[in-house]
Amino acid sequence: MPTLTVDGRVIETAEGKSILEALDDAGLLMNGVDVPHYCWHPKLSVDGSCRLCQVEVEGFPKLQIACNTVVQDGMVVNTTSDRVRKAREGVVELLLINHPLDCPICDQAGECKLQDYAFDYGVEKSRTREPRRAAKKRVDLGPTIVFDQERCILCRRCVRFCDEVPKTRELAVFGRGDRSVIETFPGMELDNPYSMNVADICPVGALTTKDFRFKIRVWFLEDVEGLCTGCANGCNIYLGIANNKVYRYQPRRNDDVNETWMCDAGRLSYRDIGAPDRLQYAYVRDATGSLEAAGYEAAIGAAARRLRAIIGSKGAGVIAGVASAHATNEDLFTFRRFIEALGTETSGVAVPKGDADDLLIKAEKAANAAGARALGLGDASLVADRIRSGGIDALVCLGSDFLGTGLLANVEELAGLDTVIVLDTHKSEFSRVAHVILPTRHAAEKHGTLTNAAGRVQRLRAAVEPAYEAHPDGAVLSHLGKALGLPGFDGSYDVRAVSKALAESEPAFSGIHLDSVGDRGRVLIDPDASQRDREPEGPNL
Amino acid sequence: MISTGTRSKIEAEMERYPQKRGALLPALYLVQAEHGYVSSDTVRELAEIMGLHPVEVMEVVTFYNLFFDRPQPRHHASVCTNLPCSLRGARVLLAQLEEHVGSKVGEPTDDGRLVLGHEECLGACAFAPMMRVDDAYHEDLDLEHAKSILDALE
């Protein structure tokens, strides 16, 4: 393996890597070794056009671009010399000749690489008097993105992204030299399931998303690590939070899951968190048959009374439980315990299906379908069969995303049940048939773990607090279990303790809990593989 | 629409290159000779014929000065304004021609007959000042001669 020395640090790298890749792989790039760059991106092909990453390589008379210089064994690189600094100053000055000085009204300000590098390497005085290049402003590129041609520094990241990742090729460089501009083919729109990633990779304020632009200044946002729950892929994200509100999702790099991308549908799913149809109260159906808002405690009491009455008359066997695979591993573990403690045998998980592609989007439209399977929860079709055959009188549901998907019975069929208790985040069709509805927390409002389609258990963090009383599904079940006097339910719910209990009781989760999965998650242990060649303790088995 | 004649010429060009896209420049010349410019519809059609993506073709069309992506006046008259021609009065000549045709450089005349342009060196310095009208060189110009050339254009 070639070894190179960068500013006195010795780095080992694989054959054929560029200097920037070697630094990136070693986790040193912009994190110990500063090599500023615009056009280079770890997940795109090399362009070599911005010239900002020039470094001094011993033995080469001229500076070399670190993005396109392949490491040779024994290479000695200097990134801090005066020559390098002067080259960077030159590049930044060149870019600023035509870049508008409109930072105060530019939405990228605060997360703009040109702003950052102009601060680091900009020269104080402008040496040009000529007017700046005029170009198109506020170009509507498609349903998601707005383009400001004047701010573009022609790094071509967006062009390469469209060519290489979704392979849709909407964007291209037209014209030549100082008249080059990025545009779409006449009459064509930038419209693909991953289009909004171009705004993330645009180092300047040229490409911005229609959804986020001008909503808030980015320096007010705090980035909280979390997960997208739109499908079973479990893309790693940052939630941009201010004033207890989520303003955006942005992909967080995890090379084992989503590299540096996420799909547009997932990105926009943050809107669910503060949606007007969130359940803000509990609801209880009164004697006249109308569903009325109620206090949380009262609703737990009402649910417990109804279930107790059924157990008293017909036994627990006529109660069924159905969980959405949006619930966390901890919620589902508690759900399983609740069902066992009730003493019924009818339970299952319903996972809605949708479109998939071979990039990130998975067919299972629930974040924890694999986790539900790993916990041994069966398919909800069993529950549906028993409801249709008349063997069920009461139903306890976690979530409602499976309604209308044919996975359970449809709402009309549920109308005949004696009792329907729903734990949910949003209002749904269930309001027509449910007897008690209990508000729960969205994934962005609770701690826990989710297992993605590849069996990777990843950490979920509470990024915001709901403005009204809502508890995680596991906590609501715990409250309900206590009200019912079920063994093992004392009304408390400590997600950390539940996660550890889960890790101890389930061989697949052995040692894998909320505090041990780290930033990048850990893959479930395959019980068969563990017999054969189980590696000793270590991450990412 | 690219005519069948032009289409078969393009296909013949494609045979001559190891990669089909190598024939893109000759193909664009053929297409422009037929239509006078290369519209975005023509780009789509040509891309289809050559098995390329339309943006690849469009990038090439916009890169080169002599491919036009919109309808052009019937004639292009370009006066060389490089150093030797300028020393021999090319810039004054061009200004006078602008006045004569009633249109500035780059702006087509109202009747769509002509557009004036300026040109970098065309290698005819010994005969400065000179201008190119479509594919023909006109050398050793003076104002009256140049006017008569432009007036004779249909």
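**A strand, a helix pair and a loop residue**

Strands β21 (residues 448–451) and β22 of chain A pair in the antiparallel sense over four bridges (strands are DSSP E runs of at least two residues, numbered from the N terminus; pairing takes at least two DSSP bridges). This is a predicted model, where local features need pLDDT of at least 70, side-chain atom pairs count only at pLDDT 80 or more, and totals for chains, interfaces and linings use all residues. Residues are numbered from 1 along each chain as its sequence is written, chains are lettered from A and ligands numbered from 1 in the order in which they are written, and side-chain values use heavy atoms, with hydrogens and water left out.

Look across that pairing and you'll find Thr449(A) opposite Arg459(A) of β22(A). Four residues lie between the two strands of the hairpin, where Gly455(A) takes a positive phi near 80°. β22(A) also runs antiparallel to strand β23 (residues 522–523) of chain A, joined by two bridges, and Val457(A) has Arg522(A) as its bridge partner there.

How enclosed is β22(A)? Five of the five residues of this strand (456–460) are buried, so the rest of the structure largely encloses it (buried means under 20% relative accessible area, exposed over 50%, partly exposed in between, with a 1.4 Å probe and protein chains only).

Now hop over to chain B. Asp140(B) sits in the loop between β4 (136–138) and α7 (143–151) (helices are DSSP H or I runs of at least four residues). Asp140(B) counts as partly exposed because its relative accessibility is 48%. Met130(B) is 10 residues away from Asp140(B) in sequence, yet their C-alpha atoms are 6.0 Å apart.
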